Amino acid sequence: MTLPVFKKHSVPAVLAPMAGISDAVFRRICVEHGCDFTYTEMVSAKGLLYGGRKTRELIRISPFEKPCAVQLFGSDPAIVSDMIRELYDGCGGDIAMFDINMGCPMPKITGNGEGSALMKNVPAAAKLMEACAKASPLPVSCKFRKGWDDSSVNAVEFAKAMEESGAAMVTVHGRTREQFYHGPADRSIIKQVVEAVSIPVLGNGDVFSGESAKAMIEETGCAGVMIARGAEGNPFIFEEVRAALSGLPYVPPTDYMRMTEAIRHAEGFLAEKDPRLFPELRKHMSWYTKGMRGALEFRRGVNTARSPEELLGLLYSFRETLEK
Ligand SMILES: Cc1cc2nc3c(=O)[nH]c(=O)nc-3n(C[C@H](O)[C@H](O)[C@H](O)COP(=O)(O)O)c2cc1C
């Protein structure tokens, strides 16, 4: 079976799951810029079970952003696999794959034995993957780290256990849980995983440009690259990566073009989500305008805007100050 992630290009560039960031609006924008595959942010399987409306909103997939995987977190094989089945039955074909989060470092997640805590209990993680792969008519993958800490680096052993338990693909973030997001991502551990398993491996960590995507692929042999922070305020990175992988020149967007994208992002957000949530746009606007002349003052305005209309007004006026 060809995984949906490989449908467009043999070496896909993928948008990472990012809590509070990779919503349907941002995913669609990334797909429009050449992203091959996206993930919802991590969604609690227990939260779905207990029927939270907010939790369900996190897995809304729009028709313009397919293919998209749903990422779940949880540790109870029965609950996570039941939720997979329920989501599949209700999804009308919108979901392309399920991914299980085994890399989240946050104490409120690891404290429940979820996220990267699963790396400390390989048999439990294997049982979870087995139950999910059995229950799911769609491929199931998982995303994990180099290990829990420097004294327990076990990504290779972990990847093998996941493959044996039915994972169709794995993503490796080359940092330990203890590192959170600090220090450089270790590409050598990704290479070791690639060499140890037969299923595709996505390489993740520190891809911030076309060149770094190329380096990730060349140094690790990974089947595709997953990009998280490099896409924040910069959905153009997928065009840059595609150009680098095809050996074509890349012309970066002008500040005006970046701001136009920021406006589309804000308008999409306000049209599709509850406009009262407009403060969530602040961080995105700050990322889009990184390095632009006058950005500091613009951000001050954005951070104190009291309505969606005021925010949009600021975006349009700021764009007029930029060169086309
Ligand atoms: C704000 C933020 C939210 C994240 N949320 C998730 C998540 O929901 N699920 C997940 O598997 N990883 C999550 N991650 C981790 C990223 O997917 C990725 O593994 C990590 O940032 C390393 O990639 P990068 O160097 O390209 O940023 C998150 C990272 C950030 C910065």
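Which residue in S9 is the bridge partner of Leu202? Please use that as the way into strand S9 and its surroundings.

A: The bridge partner of Leu202 in S9 is Gly224. A word on the ground rules: this is a predicted model, where local features need pLDDT of at least 70, side-chain atom pairs count only at pLDDT 80 or more, and totals for chains, interfaces and linings use all residues. Residues are numbered from 1 along each chain as its sequence is written.

Let's start with the strand's partners. Helices (H or I, at least four residues) and strands (E, at least two) are DSSP runs, numbered from the N terminus, and two strands pair if DSSP finds at least two bridges between them. Strand S8 (residues 201-204) pairs with S9 in the parallel sense, over three bridges. Strand S1 (residues 13-15) also runs parallel to S9, and three bridges join them. Here Leu15 has Ile227 as its bridge partner in S9.

Now turn to the faces. In a regular strand the side chains alternate between the two faces of the sheet. Strand S9 (residues 224-227) has Gly224 and Met226 on one side, Val225 and Ile227 on the other, and all of them are buried. A residue is buried if 20 or more other C-beta atoms lie within 10 Å of its own, exposed if 12 or fewer, and partly exposed in between, with C-beta atoms placed from the backbone.

Two of these residues lead us into the core. A nonpolar core is a set of buried Ala, Val, Leu, Ile, Met, Phe, Trp, Tyr and Cys residues joined through C-beta atoms within 7 Å. The largest one has 98 residues, and Val225 and Ile227 are among those touching the most other members, along with Val14, Met129 and Cys132. Helix H6 (residues 122-135) gives this core its largest share, seven residues.

Follow that helix for a moment. Leaving aside neighbours within four places in sequence, Cys132 is in contact with residues including Val80, Phe98 and Val140; contact means that the C-beta atoms, placed from the backbone, lie within 7 Å. Glu130 is in helix H6 too, but Glu130 counts as partly exposed because it has 19 C-beta neighbours inside 10 Å. Not counting residues up to four places away in sequence, Glu130 touches Ser165 and Gly166. The C-alpha atoms of Glu130 and Val140 are separated by 9.6 Å, with the two residues 10 apart along the chain.

Definitions and conventions:
Two residues are in contact if their C-beta atoms, placed from the backbone, lie within 7 Å.
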